[in-house]
Amino acid sequence: MIASAGRPTSGRPAPPPLDDQDRPNRPGFRPGRWVAEEEFMVMVPETGGPAKSAVADQRGKSPEPTSPAADARTHLRLEGVSRYFGHEAAVNHINLDIKRGEIFALLGASGCGKSTTLRMIAGLEPVDEGQIVMGDRVLADARTRKSLAPERRNIAIVFQSYAIWPHMTVAQNVAFPLKMRRVPRAERRTRVDKVLQLTGMDKWADKSATLLSGGQQQRVALARALVYEPDLLLLDEPLSNLDTQLRTQMRSEIRRLNQELGVTMLFVTHDQDEAFTVADRVGVMAGGKLEQIGTPVEMYDHPKTPYVRDFLGKMLSVEGTLTWSGAEATVRLPSLDGASGGGITPLTGPDLASLDGERVRLFFRPEDVDIEPMPSGALRPNQIAAKVVGEEYLGDHYEYKIDIGGSTGGIAAPRRSGHRVGDTIALQVDPARVSVWAA
Ligand SMILES: Nc1ncnc2c1ncn2[C@@H]1O[C@H](COP(=O)(O)OP(=O)(O)O)[C@@H](O)[C@H]1O
Ligand SMILES: [Mg+2]
């Protein structure tokens with residue numbers, strides 16, 4: 001079925017081997033099918049070709065019309081989408097609206113269901129529950145058992161493994177999807193030139209793909225995905241194989257491509273920095289569920305679930321007792337070395353009245369806190385006593401490990417701060433930037 005890598009393009013050349021990460025070591029896993037599917041997304045024409053998808057039970061029929069999305073800007077909608085492996089839900093009732101032209105990042109730890117979600121959207125994985133709609137087309141509907149074949153979805157996908165064909169030139173690699181779609185030669189050339197220029201690979205057009213670095217291969221993979229103007233570009237950990245410097249550069253390249261081409265992108269990553277710098281909006285996933293969706297600022301400043309709070313960046317936390325005054329709350333903190341531990345007020349927020357007299361846990365970002373020397377008298381309002389229990393010198397700053405009321409956390413301090421392990425310090429906290437959670 002798949003020609004050997006050395007054969008001319010009349011056969012179906014095998015892409016280079018997949019990374020270990022793309023080869024899950026689990027029962028039922030068939031490498032041959034995966035290779036074929038990866039290839040498939042890039043190569044097979046929208047309307048022709050023998051379809052091979054296990055899920056393409058509606059293959060060949062015209063796309064199913066549906067009611068227009070509630071929000072006119074919605075481009076892709078997932079409604080109650082699940083996927084089970086045995087009794088385990090790898091993806092568990094996901095609802096997601098992706099807007100036309102935006103970059104949306106699915107962010108979560110390894111195994112949380114990101115790739116499975118992407119594969120269902122691409123049509124490489126069946127949908128066990130729910131519905132996926134793009135524009136006015138139903139891509140998959142578990143209830144009616146409808147599923148549009150992958151090659152009819154006009155969706156491109158870029159993987160962590162670049163899957164560039166080594167025996168072709170850069171231009172031939174990029175032209176391949178157009179060739180499969182029987183785009184005339186002259187138009188093919190124009191479109192390949194344009195997309196190679198966009199990805200900065202024009203100087204490499206006639207070079208053999210074997211000469212390329214990892215970063216260049218990923219650019220070619222991007223060019224090859226974009227050349228046929230997909231309605232949606234899926235990117236599954238596309239930068240994870242690149243070194244730090246290249247990764248940073250490619251983040252802005254992806255944003256630029258999104259702006260210049262207006263193509264809607266769904267980006268999957270386990271890296272918070274990557275999600276925050278690349279995406280307009282982010283969805284944090286855990287255990288197959290979407291925990292929260294929002295802009296990076298919304299997510300970071302107002303995490304709505306304990307998982308998101310703990311997953312995104314570092315937090316300091318301390319437990320105390322809340323008193324409600326009728327309009328606002330005060331939290332008294334545990335004493336440190338026999339002296340008062342201070343208090344935080346005014347704290348406002350929904351449901352605080354119901355926590356009157358209760359133990360609560362306060363969370364705040366270390367970067368929102370000023371480190372001050374311990375005052376000789378009483379702590380000032382919104383000062384918290386803390387003890388330095390560890391110290392790391394990082395050249396441009398110190399990283400202190402501090403103990404606040406029995407909880408430890410890390411905080412950065414400037415080079416000039418002269419605190420040492422064992423010192424007691426005061427943290428000046430802004431009550432507006434503190435979030436209160438039931439202990
Ligand atoms: N074909 C499969 N068979 C059985 N389990 C699978 C299969 N694909 C994925 N899983 C499981 O589903 C869960 C989600 O996997 P995946 O979507 O690849 O996660 P992520 O991309 O977030 O790392 C994991 O527990 C994984 O082991
Ligand atoms: Mg994955």
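Trainee: What percentage of the residues in the protein chain are buried?

Mentor: Buried residues make up 39% of the 439 residues in the protein chain, where a residue is buried if 20 or more other C-beta atoms lie within 10 Å of its own, exposed if 12 or fewer do, and partly exposed in between, with C-beta atoms placed from the backbone. Please keep in mind that this is a predicted model, in which local features need pLDDT of at least 70 and side-chain atom pairs count only at pLDDT 80 or more, while totals for chains, interfaces and linings use all residues. Residues are numbered from 1 along each chain as its sequence is written, and chains are lettered from A and ligands numbered from 1 in the order in which they are written.

Trainee: OK, and how many helices and strands are there?

Mentor: The secondary structure of the protein chain comes to nine helices and 22 strands, which are DSSP runs numbered from the N terminus (H or I, at least four residues, for helices; E, at least two, for strands).

Trainee: Which residues have the most contacts inside the largest nonpolar core?

Mentor: They are Ala105, Val174, Leu234 and Phe267, in a core of 77 residues. A nonpolar core here is a set of buried Ala, Val, Leu, Ile, Met, Phe, Trp, Tyr and Cys residues joined through C-beta atoms within 7 Å. Apart from that core lies another one, of 30 residues, among them Leu333, Ile344, Ile411 and Val434. As background, nonpolar side chains in soluble globular proteins tend to be buried together.

Trainee: Let's stay with Val174. What does it touch?

Mentor: Leaving out residues up to four places away in sequence, Val174 touches Val192, Val195, Leu196, Val220, Ala223, Arg224 and Val227, and a contact means that the C-beta atoms of two residues, placed from the backbone, lie within 7 Å.

Trainee: Val174 is listed among the residues of α3, so why is α3 called largely enclosed?

Mentor: Helix α3 (residues 170-180) is largely enclosed by the rest of the structure because eight of its eleven residues are buried. Those buried residues are Val170, Ala171, Asn173, Val174, Ala175, Phe176, Pro177 and Leu178. After α3 comes Arg182, with a positive phi near 55 degrees.

Trainee: And how does α3 pack with α4?

Mentor: Two packed helices are described by the angle between their axes and the distance between the axes. For α3 and helix α4 (residues 185-198), the angle is about 130 degrees and the axes are 10 Å apart, the axes being lines fitted to C-alpha atoms, for helices over the stretch in contact, with angles that run from 0 to 180 degrees between N-to-C directions. That makes α3 oblique to α4, since angles under 35 degrees count as roughly parallel, over 145 as roughly antiparallel, 65 to 115 as roughly perpendicular and the rest as oblique. The contact is made by Ala171, Val174, Ala175, Leu178 and Lys179 of α3 and by Arg188, Arg191, Val192, Val195 and Leu196 of α4.

Trainee: What about α5 and α6, at what angle do their axes cross?

Mentor: The axes of helix α5 (residues 214-226) and α6 cross at roughly 15 degrees and come within 12 Å, which means that α5 is roughly parallel to α6. On the α5 side the contact is made by Gly215, Gln218, Leu222 and Leu226, and on the α6 side by Leu246, Met250, Leu257 and Leu261.

Trainee: Is Leu257 buried or exposed?

Mentor: Leu257 counts as buried because it has 21 C-beta neighbours inside 10 Å. Leaving aside neighbours within four places in sequence, Leu257 is in contact with Leu198, Leu222 and Leu226.

Trainee: New topic: which peptide bond is cis?

Mentor: The bond from Thr345 to Pro346 is cis, with omega near -5 degrees, and Pro346 is found in strand β15 (residues 343-347).

Trainee: Where is Glu237, and what is its phi?

Mentor: Glu237 lies in the loop between β9 (232-236) and α6 (244-261), and its phi is near 45 degrees, a positive value in a residue other than glycine. With 23 C-beta neighbours inside 10 Å, Glu237 counts as buried. His93, found in strand β3 (residues 88-99), also is not a glycine and has a positive phi of about 50 degrees, but His93 is partly exposed, with 15 other C-beta atoms within 10 Å.
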